[in-house]
Amino acid sequence: MSKTAQDLDPAVVPVLWLLGKTGAGKTSLVKALTGAGAVGSGFAPGTKAATVHDFPAIDPVVRFLDTRGLGEAGYDSSQDQAAAQRMANAALVVLRYDDPVQEPVAEIVRGLKIPVLLVFTGADLVPDDGARERMRAHTRKVIGRDLPFVSLSLPPEGMVTGLEALLDALDSFMPRASAALRRADEARDFLKRRPLVLRYASMAAASDMVPFVGAAAVPAAQGAMLQALAKRHNVALTPARLSLLASALGTGALVRLAAVHMVRQGAKLVPVAGQTLGAAAAAGASFATTYALGRAASAWLYGTARGAAPDAKTLRSLYDQALKGARDAAD
Ligand SMILES: Nc1nc2c(ncn2[C@@H]2O[C@H](COP(=O)(O)OP(=O)(O)OP(=O)(O)O)[C@@H](O)[C@H]2O)c(=O)[nH]1
Ligand SMILES: [Mg+2]
């Protein structure tokens, strides 16, 4: 594919086109990925005009083009399709597992010259593996090409599944977009862990009030918090893994934890733990440091559970931001 000067300009935001029949789940997909967009009722077309969602809103790295659904009575999509094809850098073709009538979509897909990913939705509605495979085979046949695909469940309520596979697939043609979407997914994931982190941070802060107790209780609270977070992410907190987190965050962040918890566990990560213990405990601000540790550890566990832990720079910046946020909130 030849590149024009515009294609090469990093200021131009790549466009990801969502193409599919009405009710296929295009808007649900944008919403699951970005948190934005109005999902339809399923009874009437939800998206009445092509909508653009820049993500993130400031300094976007990807532009979702959510076009009006195909197959609506009284709507000739050809002009919209032509415009979308000119703009788009890649297409997510959204097909519902429980809708075998995909010829109108297939016809457009056959003419596309951009990377295409088939996104099958409604995996929750068609739980039978064989039925899903038959639908994919049928789609291959009507498109006349074997295209990469992912399977998603995007129920209006309940568990969304398959987004990770989609982001993995997106890595190959829009790496910056998929990295940003992953960060956003992690941030939403943290919102679920946040009450737990706040509980442990409050526990650590309360123990600060009692002389001598704090020195042991704060690291214990932080250690227990890490264990609880790890359990929720289904990650075994081995000394080897802990030492990766410790080295990523630097001893400053983990000194309290290291002082009691890790040494007690025999991990011996911080040789100077004995000396630093007193200083760290005296520094106070247990709420903020525990909260910040919880924030960074959550991102680390999220990545570890998916086979790609964030790098030290990312973790430290999350830690610093959380620390600042928690301190500002306490002022
Ligand atoms: N259970 C389930 N419901 C889904 C799934 N995908 C979409 N829906 C529902 O189907 C309806 C239509 O979804 P939308 O995301 O609005 O579909 P759309 O492709 O944007 O449709 P138009 O805007 O009309 O073109 C909504 O009620 C969704 O909640 C899915 O994977 N599972
Ligand atoms: Mg829509």
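1. Start in the loop between helix 8 (213-232) and helix 9 (239-249), where N234 has its place. This is a predicted model. The phi of N234 is near 55°, a positive value in a residue other than glycine. Most residues other than glycine have a negative phi. Is N234 buried or exposed? N234 is exposed, because 9 other C-beta atoms lie within 10 Å, and a residue counts as exposed at 12 or fewer.

2. Now go to the loop between strand 2 and strand 3 (62-66), where D59 is found. D59 is not a glycine, yet its phi is positive, about 50°. D59 has 8 C-beta neighbours inside 10 Å, so D59 counts as exposed.

3. P56 lies in that loop between strand 2 and strand 3 too. Look at the peptide bond from F55 to P56. This bond is cis, with omega near -15°. Most peptide bonds are trans.

4. Step back to the whole chain. How many helices and strands does the secondary structure come to? The count is 13 helices and six strands. The chain has 331 residues, and 37% of them count as buried. Take the contacts with a separation of 6 or more: 66% of them are between residues 24 or more positions apart.

5. Six strands form an open sheet with mixed pairing, in the order 2-3-1-4-5-6. Which strands stand at the edges? They are strand 2 (51-55) and strand 6 (149-151). Each has a single partner strand, so one side of each is left without a neighbour in the sheet. From one strand to the next, the twist averages 25°.

6. Strands of a sheet pair through backbone hydrogen bonds, either parallel or antiparallel. Strand 1 (residues 15-20) shows the parallel kind. Four bridges pair strand 1 with strand 3 in the parallel sense. Strand 1 also runs parallel to strand 4 (residues 90-96), joined by five bridges. L16 stands opposite F64 in strand 3, and its bridge partner in strand 4 is A90.

7. Why is strand 1 described as largely enclosed by the rest of the structure? The reason is that five of its six residues are buried.

8. Follow the sheet to strand 6. Strand 5 (residues 116-121) and strand 6 run parallel, joined by three bridges. Find V119, then look across: V119 stands opposite V150 in strand 6.

9. M174 sits in the loop between helix 6 (163-171) and helix 7 (175-208). M174 is buried, because 21 other C-beta atoms lie within 10 Å, and the cut-off for buried is 20 or more. Which residues does M174 contact, leaving aside its neighbours within four places in sequence? They are P14, L16, V62 and A90. M174 and P14 are 160 residues apart in sequence, but 8.0 Å apart in space, C-alpha to C-alpha.

10. Finish with helix 2 (residues 26-34). Helix 2 is mostly covered, with eight of its nine residues buried. The buried residues are K26, T27, S28, L29, V30, A32, L33 and T34. G35 follows helix 2 and has a positive phi, near 85°.

Technical notes: Residues are numbered from 1 along each chain as its sequence is written. Chains are lettered from A and ligands numbered from 1 in the order in which they are written. This is a predicted model: local features need pLDDT of at least 70, side-chain atom pairs count only at pLDDT 80 or more; totals for chains, interfaces and linings use all residues. Two strands pair if DSSP finds at least two bridges between them. Helices (H or I, at least four residues) and strands (E, at least two) are DSSP runs, numbered from the N terminus. Axes are lines fitted to C-alpha atoms, for helices over the stretch in contact, and angles run from 0 to 180 degrees between N-to-C directions. Two residues are in contact if their C-beta atoms, placed from the backbone, lie within 7 Å.
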